[in-house]
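Hi,

Here is the structure I promised to pass on. Have a look at it first, and then read on for what turned up.

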Amino acid sequence: MPVVAETLDAVQAATESGYKWGFSTDIEMEMAPKGLNTDIIRLISARKNEPEWLLEWRLKAYAVWLKMEEPDWAMVNHPPIDYQDLHYYAAPKKKPGPRSLDEVDPELLRTYEKLGIPLRERAILAGVEGAEDERPQVAMDAVFDSVSVATTFKATLAKSGVIFCPISEAVQEHPELVRKYLGSVVPVGDNYFAALNSAVFTDGSFVYIPKGVRCPMELSTYFRINARNTGQFERTLIIAEEASHVSYLEGCTAPQRDENQLHAAVVELVAFDDAVIKYSTVQNWYPGDAEGKGGVYNFVTKRGACRGARSKISWTQVETGSAITWKYPSCILQGDDSVGEFYSVAVTTNHQQADTGTKMIHIGKRTTSTIVSKGISAGKSNNTYRGLVRIAPRADGARNFTQCDSLLIGDQCGAHTVPYIESRNPTARLEHEATTSKIDDDQLFYCRQRGLNQEDAVGMIVNGFCKDVLKELPMEFAVEAQKLLAVSLEGSVG
Amino acid sequence: MSTTAPPSGPVAALNAAAAAFIARYNDSKARLPGDTHARAEAAALLAEHGLPGPREEAWRYTSLRPFAETPFAPSVPAEPPASLLARIPAIEGTRLVFVDGRFHSELSGVPRGIRVTTGEPALGRIARPATEKLVALNTMLAEDGAAIHVPAGIDGGTIILVSIATGHSIGFHPRHAVVLAAGAKLTVLDLALGDGEYLHNPVISFEIAEGATASHLRIQDEGEGAFHLSTAYAEVAADATYDSFALTLGARLARMEVHARLAGERAAAHLNAAQLLGNTRSGDGQHADFTTVVAHDAPNTASRQTVKNVLTGRSRGVFQGKIEVARIAQKTDGYQMNQALLLSAEAEMNSKPQLEIYADDVKCSHGATVGALDGDQLFYLRSRGVPEAEARAILVRAFLSEALDPIGHDQARGAMEAAIAGWWDRHTI
């Protein structure tokens, strides 16, 4: 079984313990002064050369945010965040809006190298001619702190009419699309962190798949927080027109620092009739050290609207990083026969806290949703699944299946399950199952008896536990995710 | 914005209702029996925190607004009509009858072998007015209740604890406490009946010592205009069991809250329930909420919950069930199943099963399903000549039986079946 073999490799390969993505890159940064006010928002908007409507939109979001209270319902604890003690704009210092990959700072490329971004993509990021034709598989947008630095394969994508670019660029070149869809799934006042993001977002990815087009390759964005004392607020917008298809991958890391870094992203997906959006995330922001010092606060709003009939949005996430994860990728199933999926693995160790899950809002007839969530807690961490399934009165024949399993490793951690199940239609069928247990002694004994050491055995069992989710990931990510699981749990067993 | 604008909305209504209750307490506190200190403390809590509001997570699905908008007067001594008395099931045991919250000695019996005291609220040791606001309300205004004590090793048989409501627009807050000494046994059939529009806000607690077994079987069959807001507590010592079943049929707005704490090794709790809801005669949908919190606070403890909802008309069913496992509670075995049948286009079910687990060597699971009757099963019965209505009734009864079957007390089970049959006559499914 390749999954198992891969796990063993991963366990063996991961000789270095700790957070291997914990370096910072010395690149000259351009920073806005600390603090948040309308001047900063105007500055961000001006730096981005934004049209007036977008500035108005940001200011409106800011006004709403000022009136909101930070939510406290999640099972996470952290000292109060001082929103005035952050830089809301940090950009690698260079010409705005790089069009050619040659402009990429060599220091940045070394960063990618350390991150282990596949070689061919590094070559592409470095602008090596011909690299695109060799194995045209993944197009990548790299977002460094708040600014998109490079997008690959743009030409190839353009041939099929796909737009894949930094959202700041989309604002300039496709303002009608951005204006039409920005905030249409996550309104400015949706929640505290979404309002904050709307006011200060600096960049992110924009994807537009025209009618009937199957995106010829996987699209990928790589996010990294680099500068000290910065918040990262990226905004992603993906629009899939009728009968189009796209698979989008997202990866995240941050350097190792003592202080906490704030990350509050918003992702909006729109799928029209028969369109399919597959959105995969491997989130590995710096989780803090063994004593719980430092780490990223990850407060993210992700939501997809299945506007068209038979449309489908599928979220897959592997969450191993961040000191705090607060994230509920959701689907609004408006179109009849539309489909929502959520596959999640969340691993917490040391002092990490994760409160994550999904919302499936069934509005259209015969809409279906599937939720598979696997939570693994180790160390002194707390891991919560929080999810909502809501069936509206007119959602005849709607169907939901939810499976939430938690695994506890060690007696100092916590695993929690908080599902909300709301049905207002008698023809809908909802099923929810949740289990919590520790690693089965019999399974462990079986593996140990066959000569596996404790850690390898646990790695294998954990991978088996997560298999239903990992198999949903695109191939390359699945391999990376398995390694990540093994590394994350290193030292937490025994 | 003017700061003197008149308050409006649910929060204002709840604040006004809390103020009215406190005013009533101030008027009557000189004559209320029992512990004046506890009352004053509860009044202070209520004044500070008010009644449960829409922004509280535990009250997410149940709004007390209709209750807040209805004024309730204190009850006066009254005689219950024969029609209500006739609904008390004839089963073996000692009756303790409360009419509009007051103990009625002529309708009640005297149990043998166990000690029963009435005439003042039985506050007990384990209720928590500081966390449960309706318990604070009860503590502040309670006038009567039964304190039941079963000595060590004694089988106290069956107590039939009856609440009958006769008055319109009255509010009453009985407070009962049951204490079982080591190895004792007792069954309490807890019955709530009435006619009209009133508030019944009872609190009952069970302290169950080592090796004792308490069986708490409840039938809530209040009048259709009634508000039934009850809170039960159980603290279960080592090798002891709290075995409960709650049947909800009546009331316009009902909430049963159960807090069970498994405090000693091998303690067990069963919290089963069935809610059958529909429209009242005036066409309003009933709303009933069954909320449980089971705290596993010792190793090797077990809890089992099976909760069934049958919803017709415009009714709304709520289930919230939380299993908490403390770090020390290794080898916990917790199971919870919540199922709802929606039998009409306008019925609604909201459920929130919840696990909060801090020990690693545990086996906890919950399941929830919501849906209509299975079309294949209906077809099977219809194809064998069973008429539609009867086929539906057979399937609904089968659905309920999983929650009813664990009731070991045959006569009580019979009383439950009879009450369900009565509901059946009043509603079409």
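This is a predicted model: local features need pLDDT of at least 70, side-chain atom pairs count only at pLDDT 80 or more; totals for chains, interfaces and linings use all residues.

Before the strands, one term: two strands count as paired if DSSP finds at least two bridges between them. By that rule, E25(A) pairs with strand E22 of chain B (residues 363-371), in the antiparallel sense and over eight bridges.

Now the rest of the interface. On the chain A side 31 residues are in contact with chain B, and 34 residues of chain B are in contact with chain A. Together the two chains bury about 2600 Å², with 49% of that on carbon and sulfur atoms. Within chain A, the most area is lost to chain B by A:Tyr420, A:Ile421 and A:Pro426, which together make up 21% of what that side buries.

What about polar links between the chains? There are 17 residue pairs in polar contact across the interface, both residues at pLDDT 80 or more. Two elements of chain A each give two or more residues to the side that touches chain B: strand E24 (414-423) and strand E25 (429-438). Sorted by class, that side of chain A has twelve nonpolar, twelve polar and seven charged residues.

How many salt bridges cross between chain A and chain B? The rule finds two. In a salt bridge you can pick out by eye, the side chain of A:Lys438 meets that of B:Asp361, at 3.9 Å from N to O. The cut-off is 4 Å, in case you wonder about that distance.

Over all chains, the structure holds 49 salt bridges. Among them is A:Asp337 with A:Arg366, whose closest N and O atoms are 2.9 Å apart. This pair links distant parts of the chain, 29 residues apart: A:Asp337 sits in the loop between strands E17 (330-333) and E18 (339-348) of chain A, and A:Arg366 in the loop between strands E20 (359-362) and E21 (368-378) of chain A.

Last, the aromatics. A search of the whole structure gives 26 aromatic pairs over all chains. One of these is A:Trp73 with A:Trp326, a tilted pair at 5.5 Å centre to centre with 35 degrees between the planes. A:Trp73 is in the loop between helix H3 (52-67) and strand E2 (90-92) of chain A, while A:Trp326 is in strand E16 (residues 324-327) of chain A, so the pair ties together parts that are 253 residues apart in sequence.

Cheers

Terms used
Residues are numbered from 1 along each chain as its sequence is written. Chains are lettered from A and ligands numbered from 1 in the order in which they are written. Side-chain values use heavy atoms; hydrogens and water are left out. Contact means heavy atoms within 4.5 Å. Buried area is the accessible area (1.4 Å probe) that two parts lose on being put together, summed over both. A polar contact is a pair of N or O atoms within 3.5 Å; within protein, one must be able to donate a hydrogen and the other to accept it, and residues adjacent in sequence count only if both atoms are side-chain atoms. Helices (H or I, at least four residues) and strands (E, at least two) are DSSP runs, numbered from the N terminus. Ala, Val, Leu, Ile, Met, Phe, Trp, Tyr, Cys and Pro count as nonpolar, Asp, Glu, Lys and Arg as charged, and the others, Gly among them, as polar. Rings of Phe, Tyr and Trp (its six-membered ring) pair if their centres lie within 6.5 Å; planes under 30 degrees apart count as stacked, over 60 as edge-to-face and the rest as tilted.
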